Amino acid sequence: MILSLDQMAESRRALASSLFAGLPGDAEISFEFFPPKTEKMEEQLWDSIVTLAPLSPRFVSVTYGAGGSTRERTHNTVARIAKETSIPAAAHLTCVDATRDEIAEVANAYWNAGVRHIVALRGDPPNAGGKFEPHPQGYASAAELVEGLRKLHPFEISVSAYPETHPEAASAQSDIDFLKRKLDAGASRAITQFFFEPETFFRFRDAVAAAGIEPEIVPGIMPVSNFAAIQRMSKMTGTAIPDWMAHLFEGLDDHPSARQLVAATISAEMCRRLYAGGVRQFHFYTLNRAELSYAICHLLGKRPVETAREAAA
């Protein structure tokens, strides 16, 4: 990776002063949630949205279960965000176990509910460890899904990217080639799978640029509050967990408050290093909790819009 003069100056400034000192708050942020299963979980979700909304995210997205298992709950959550908040809402949509007509029905319902942004994914098989099999009357890939959605409505479309290569990809290059297909089909941006070291993203960004891919590649940030859970998730996604991270969380199983502090420190430092390397867009996997994402955004210089206006006045 070759840094521009501005990036080199930013890197020097980051090393020469307090890590988060003087950041202008110019980072653009977005957040991901999953549809709640219970009334208590729904309350927690909306508490999180209310907490994060003043940071003026570009959008918030809501995930979609394998095989459409959360179809109704995803739709209800996204529609409520679109109706009751000023935040642009994005709905995840997958190819799994659905015909093209069924997907069109879901997409049309989102459009009619005021939703203008879709996160288009192939999706995981309904059974863990199984192999994806496209529906005979469905879409075989995310690239085909993007093409189909573009024919229905002028959606803004985001797709996924994998800095450490999708577990099913034949090679890193073939994975990047397929990312290009998704973007060429009409997607606006790619959001990456989570990762834990900034160099992982920088290497991927360089490879993507070398492939002639110009749309923005947004790093997906997963603040780790439960190390055992992230180990399970990382195994499924092929994400490497650095040895130093395991060491930092060691002995904290019975200390949730300390885990939160360690998690915020790790994720915030990675985001600061990404920022120093020229990254200005961040997508946070919140797991329906606001605290860690809010703290990291605060350290990156983001402030509630109301507070910023009052300061300017």
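**Helix packing and a pocket in the predicted model**

The crossing of α4 and α5 is right-handed in this structure, which is a predicted model. Two packed helices are described by the angle between their axes and the distance between the axes. For helix α4 (residues 100–112) and helix α5 (residues 142–152), the axes come within 11 Å and cross at roughly 55 degrees. Angles under 35 degrees count as roughly parallel and those of 65 to 115 as roughly perpendicular, and α4 and α5 are therefore oblique to each other. On the side of α4, the contact involves Arg 100, Ile 103, Ala 104, Ala 107 and Asn 108, which meet Glu 144, Leu 145, Leu 149 and Leu 152 in α5. Sorted by class, the residues of this contact comprise six nonpolar, one polar and two charged.

Pro 198, Glu 199, Phe 201 and Phe 202 of α7 make the contact together with Met 270, Arg 273 and Leu 274 of α10. This contact of α7 with α10 contains five nonpolar and two charged residues, but no polar ones.

Empty space in the model was also examined. Rolling a probe the size of a water molecule over the atoms shows where empty space is left. The second largest pocket holds about 270 Å³ of space. It is lined by 16 residues, of which Pro 223, Ser 225, Asn 226, Leu 287 and Arg 289 are the closest to its centre. At least two residues of the lining of this second largest pocket are supplied by each of α8 (227–237) and α11 (291–299). In terms of class, nine residues of that lining are nonpolar, five are polar and two are charged.

Definitions and conventions:
Residues numbered from 1 in each chain as written. Predicted model: local features only at pLDDT ≥ 70, side-chain atom pairs only at ≥ 80, totals over all residues. Heavy atoms only, no water. 1 Å grid on protein atoms, 1.4 Å probe; cavity = no way out; pocket = protein on both sides within 12 Å on 5 of 7 lines; lining within 4 Å. Points joined across faces, edges and corners; volume = space filled by probe spheres on them. Helix = DSSP H or I, 4+ residues; strand = E, 2+ residues; numbered from the N terminus. Nonpolar A, V, L, I, M, F, W, Y, C, P; charged D, E, K, R; others polar. Axes fitted to C-alpha atoms, helices over the stretch in contact; angles between N-to-C directions. Parallel < 35°, antiparallel > 145°, perpendicular 65-115°, else oblique. Left-handed = near helix turned anticlockwise from the far one by under 90°. Contact = heavy atoms within 4.5 Å.
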